[in-house]
Amino acid sequence: MNFEIDHLGIAVRSLEEGLRFYRETLGLTSTGEETIEGERVRMAMLPVGNTFSTSRIELLEGTDRESVIAQFIEKRGPGLHHIALRVDSLTAALDRLKAQGCKLLNEPRIGAGGHTYVFVHPRSTGGVLLELIQK
Ligand code: ZN
């Protein structure tokens, strides 16, 4: 199975605040902002690197207090929220995880950019929320 880092999800209090560092201070370029109503988040994607399979920084802001991002910040403060790995076969990855008794947080869902994704509970990964994405 082939894995690549797709993105690092970072919880921020506001996109403007997050972009101030990643875009203005660090000099990355944002490919645009998007609100995902169903997930109660606003996000900005900033590609890192210029290779064929670019990784990205994903800034996440909760749109209201019920948002998982707002709740995460409430508990732990802003910072790294999840890592996302790209796999060539999500089905194969899920079969392997399920066989090992890992706790998945959702059934495969279609998210931003039309990619299918699943979240794996931090309890099964050594403390980091893991997102697996089918390319
Ligand atoms: Zn993500």
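Me: Where is the place of valine 128?

Reply: First, a caution: this is a predicted model. Valine 128 sits in the loop between β7 (116-120) and β8 (129-134).

Me: Is valine 128 buried, exposed or partly exposed?

Reply: Valine 128 is partly exposed, at a relative accessible area of 33%. The band for that label runs between 20% and 50%.

Me: Which residues does valine 128 touch, not counting those up to four places away in sequence?

Reply: Valine 128 touches Ile83, Val120 and Pro122. Look also at C-alpha separations. Valine 128 and histidine 81 are 47 residues apart along the chain, yet their C-alpha atoms are separated by 7.8 Å.

Me: Now helices. Why do residues three or four places apart point the same way?

Reply: Now the case here. In α1 (residues 15-25), the buried residues are Leu15, Gly18, Leu19 and Tyr22. Down the axis of α1 they fall within an arc of 95°, so they line one face of the helix. Glu24 and Thr25, on the other side of α1, are exposed.

Me: What covers the buried residues of α1?

Reply: Strands are part of the cover, including β1 (3-11), β2 (33-36), β3 (41-48) and β4 (55-62).

Me: Which residues are buried in helix α3?

Reply: In α3 (residues 90-99), they are Leu90, Ala93, Leu94 and Leu97. Seen down the axis of α3, these buried residues fall within an arc of 95°, so they line one face. Thr91 and Ala99 are exposed on the other side of α3. The cover over the buried residues of α3 includes β5 (79-87), β7 and β8.

Me: How do I read a backbone angle?

Reply: Start from the general rule. Most residues other than glycine have a negative phi. Then look for positive values. Just after α1, glycine 27 has a positive phi of about 95°. Glycine 101 follows α3, and its phi is positive too, near 75°.

Me: Which residue has a positive phi although it is not a glycine?

Reply: Arginine 40, with a phi of about 55°. Arginine 40 is in the loop between β2 and β3. Its relative accessible area is 38%, so arginine 40 counts as partly exposed.

Me: Next, pockets. What does rolling a probe over the atoms show?

Reply: A probe the size of a water molecule shows where empty space is left. Here, the largest pocket holds about 1100 Å³ of space. Its lining has 43 residues, and Val68, His81, His82, Phe119 and Leu129 are the closest to its centre.

Me: Which helix gives the largest share of that lining?

Reply: Helix α2 (residues 68-76), with six residues. By type, the lining of the largest pocket divides into 19 nonpolar, 13 polar and eleven charged residues.

Me: Let us finish with one side chain. Is histidine 7 buried or exposed?

Reply: Histidine 7 is buried, with a relative accessible area of 2%. Histidine 7 belongs to strand β1.

Me: Which side chains make a polar contact with the side chain of histidine 7?

Reply: One is the side chain of aspartate 6, at 2.7 Å. Another is the side chain of histidine 82, at 3.3 Å. Beyond four places in sequence, histidine 7 touches residues including Met45, Arg56, Glu58 and Ile133.

Terms used:
Residues numbered from 1 in each chain as written. Predicted model: local features only at pLDDT ≥ 70, side-chain atom pairs only at ≥ 80, totals over all residues. Heavy atoms only, no water. Buried < 20%, exposed > 50% of the residue type's maximum accessible area, 1.4 Å probe, protein only. Helix = DSSP H or I, 4+ residues; strand = E, 2+ residues; numbered from the N terminus. Arc of directions from axis to C-beta. Contact = heavy atoms within 4.5 Å. 1 Å grid on protein atoms, 1.4 Å probe; cavity = no way out; pocket = protein on both sides within 12 Å on 5 of 7 lines; lining within 4 Å. Points joined across faces, edges and corners; volume = space filled by probe spheres on them. Nonpolar A, V, L, I, M, F, W, Y, C, P; charged D, E, K, R; others polar. Polar contact = N/O pair within 3.5 Å; in protein donor to acceptor, adjacent residues only side chain to side chain.
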